Amino acid sequence: MNFLAHAWLAGESPALVVGGVFGDWVKGTLPGALPADLARGVALHRAIDAFAETHPAFRASRARVSAARRRYAGVLVDIFWDHLLARDWAEHGEGALASYCAGVYRQLAARRADLPAPAHLALERMAREDWLGSYAGLEGIADVLARMGRRARQPNPLAGAEVEFVADPAGFAQDFADWVPDARRFVAEWRDGRERVEGAGPA
């Protein structure tokens, strides 16, 4: 999943939201140098990614990507599903999308000192340019894909890849709708399981 979906699935816990958004900048075993609450957020981020990659709906969306971009299908589905979440926010979130995104940016800023240095510049730019809110428009995901294409070390077909979504928007939307209830159930079970383990303490 991409940034918006990770934040949204994390629920109301600021640490889980922050860990979910910056999780891709953290490598290796946890907690590492992170505070325990943020490490838990990164662990949830990783669990959601693993859950998504094996889900039939995610696989169905990957299969909708043309052969020319199939190598990047997982990345594209992450972006397309964030677009669908933002576009149809009224069906999934509470309140206005702009207010929700502003809250996420505030939570990230409040924990800046605890975040890995390589993430600082990108997260500041995320807030300044409102990446999360921009996903609601097709032009927003076009910009995301163009940026990703430029950052990659190898030539790639990411710039312009929004055409893959345009070719079958209803199909991607159905896959996302099929995935959402399972994802929310998975996160609830993951949190319950972690709370039971952490509440038990050392044997």
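## Reading a predicted helical model

Student: Which residues touch the most other members of the largest nonpolar core?

Tutor: A nonpolar core is a set of buried Ala, Val, Leu, Ile, Met, Phe, Trp, Tyr and Cys residues joined through side-chain atoms within 4.5 Å, where buried means under 20% relative accessible area, exposed over 50% and partly exposed in between, with a 1.4 Å probe and protein chains only. Here the largest such core has 63 residues, and the members that touch the most others are Phe22, Met126, Leu132, Tyr135 and Trp179. This is a predicted model in which local features need pLDDT of at least 70 and side-chain atom pairs count only at pLDDT 80 or more, while totals for chains, interfaces and linings use all residues. Residues are numbered from 1 along each chain as its sequence is written, and side-chain values use heavy atoms, with hydrogens and water left out.

Student: With which residues is Tyr135 in contact, leaving aside its neighbours within four places in sequence?

Tutor: Contact means heavy atoms within 4.5 Å. With those neighbours within four places left aside, Tyr135 is in contact with Asn2, Phe3, Leu4, Asp82, His83, Ala86, Ile141 and Val144.

Student: Is Ser61 buried or exposed?

Tutor: Ser61 counts as buried because its relative accessible area is 0%. Ser61 belongs to helix α4, residues 56-64, and, again leaving aside neighbours within four places in sequence, is in contact with Val77, Trp81, Phe172 and Asp175.

Student: Which residues are closest to the centre of the largest pocket?

Tutor: On a 1 Å grid over the protein atoms alone, a pocket is an open set of points where a 1.4 Å probe fits, with protein on both sides within 12 Å along at least five of seven lines, and lining residues have an atom within 4 Å of a point. The largest pocket has a volume of about 530 Å³, the volume being the space filled by probe spheres set on grid points that are joined across faces, edges and corners. Among its 19 lining residues, Asn2, Phe3, Asp24, Met148 and Arg151 are the closest to the centre. The largest share of this lining, four residues, comes from α10.

Student: Where does Pro31 lie, and what is the peptide bond from Leu30 to Pro31?

Tutor: Most residues other than glycine have a negative phi, and most peptide bonds are trans. The bond from Leu30 to Pro31, however, is cis, with omega near 10°, and Pro31 lies in the loop between α2 (14-22) and α3.

Student: What is the phi of Asp130?

Tutor: Phi of Asp130 is near 50°, a positive value in a residue other than glycine. Asp130 sits in the loop between α8 (117-129) and α9 (131-134), and counts as partly exposed because its relative accessibility is 31%.

Note on methods:
Helix = DSSP H or I, 4+ residues; strand = E, 2+ residues; numbered from the N terminus.
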